[in-house]
Amino acid sequence: MKFAWIDLRTVPQDKLESVVDAAIHTRMRGVLSDDESVLKALPPTVTGVTTTPVTDEKQLHGLDADTAGWVDVHDEPSLRLACAAAVALPFTVVRFADPTKIPLEIVLAAADRSEGKLITVCADLEEAATVLDVLERGSDGILLAPSNAGEVFALARLLEAGTAPLNLTTLTVDGIEHHGLGDRVCVDTCSHFAEDEGILVGSYSTGFILCCSETHPLPYMPTRPFRVNAGALHSYVLGPDNRTNYLSELRAGGTTLAVDAEGRTRPVMIGRAKLESRPLLTITARSPEGTVVSLTVQDDWHVRVLGPGGAVHNVTELRPGDELLGYLATDQRHVGFPIGEFCREQ
């Protein structure tokens, strides 16, 4: 679980009380201050933090267990010291002089199997967001000196950011109908999909089918593990925060939701949405409760959807009775937001 410490040492005096209140309200893990009276006034839910500058590896064995070591990294020797501290100490705060994140990657790799926690000093919220994702693992903690209470609340939201798992359901194919020419969208992301990952797409806002990425081998062409041949441009695609978009709305730099066969999710950035005219077919399937789910995709063997256990199905070979993975949403949609109103889609 990622956490943050709030550095009060440079907070303007007139903002100090509100920043401390915000840190308490958001249950920040710790507060760093040189003022003992501030630390003593903290409730038990927030830890008062003190740090000791570390300039030599000999210090690593003499630090109090309740004190975090602080290492300034500005060259190769100080980088080696940061790596050693991250392995040896329960808590290590590292401040990097240069904007590149390569030194942080090196410290993270060095401390990968250690039990200690690495806290990285961040200049602002934008840097904090980057630091939390470095090497996919990210820093264990963030140390931020906010300018006001609003930044504390924003940091709390950043730490909570993530995508909840979905309860996928097994759908049974009712039928396949072949159509003529229409426009379909390939969603090219900036991420490598796993073999059992894809995105959830459907013609109705209440039901989606898990469309497979092009991670699996294809005849006549190389794999494209960043791509999902998703469906006709009118289709809904499920994104983060229970928000849907039409495939036609997806743009480079936007975000959609990768979903695996177990329902685990993660946000992925869109690198390109590619629309082309192709023959189409419609898959109609039904949930155990009787909810009808529809998906229109390119009518081609290499377009695939996923079934239970991550089984891969070529859409042109689907037959009534085949089982697919899907997701049922109980809400109707208005401009992508869930809304409790009457709406019939057919």
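I began with helix H3, where Ser78, Leu79, Leu81, Ala82, Cys83, Ala84, Ala85 and Ala86 are buried (under 20% relative accessible area, 1.4 Å probe, protein chains only). Helices are DSSP runs of H or I with at least four residues, strands are E runs of at least two, and both are numbered from the N terminus.

This is a predicted model, in which local features need pLDDT of at least 70, side-chain atom pairs count only at pLDDT 80 or more, and totals for chains, interfaces and linings use all residues. Residues are numbered from 1 along each chain as its sequence is written, and side-chain values use heavy atoms, with hydrogens and water left out.

I looked up what the buried residues of H3 pack against: strands E5 (68-73), E6 (91-96) and E7 (117-122), plus helix H4 (102-110).

I checked the length of H3. Its 13 residues (76-88) should span 18 Å at 1.5 Å a residue, and the end C-alpha atoms are 19 Å apart, which agrees. The expected span is 1.5 Å times one less than the number of residues.

Next I took the largest nonpolar core, which has 46 residues. Such a core is a set of buried Ala, Val, Leu, Ile, Met, Phe, Trp, Tyr and Cys residues joined through side-chain atoms within 4.5 Å. Ile6, Leu8, Met28, Val31, Val107, Ile142 and Leu155 touch the most other members. H3 gives the largest share, 7 residues. Another core, of 28 residues, lies apart from it and includes Val228 and Leu318.

I then turned to helix H6 (149-160). Its buried residues are Ala149, Val152, Ala154, Leu155, Ala156 and Leu159. I found Asn148 capping its N-terminal end, with a side-chain oxygen 3.0 Å from the backbone nitrogen of Gly150.

Methods: Buried means under 20% relative accessible area, exposed over 50%, partly exposed in between (1.4 Å probe, protein chains only). Contact means heavy atoms within 4.5 Å. A polar contact is a pair of N or O atoms within 3.5 Å; within protein, one must be able to donate a hydrogen and the other to accept it, and residues adjacent in sequence count only if both atoms are side-chain atoms.
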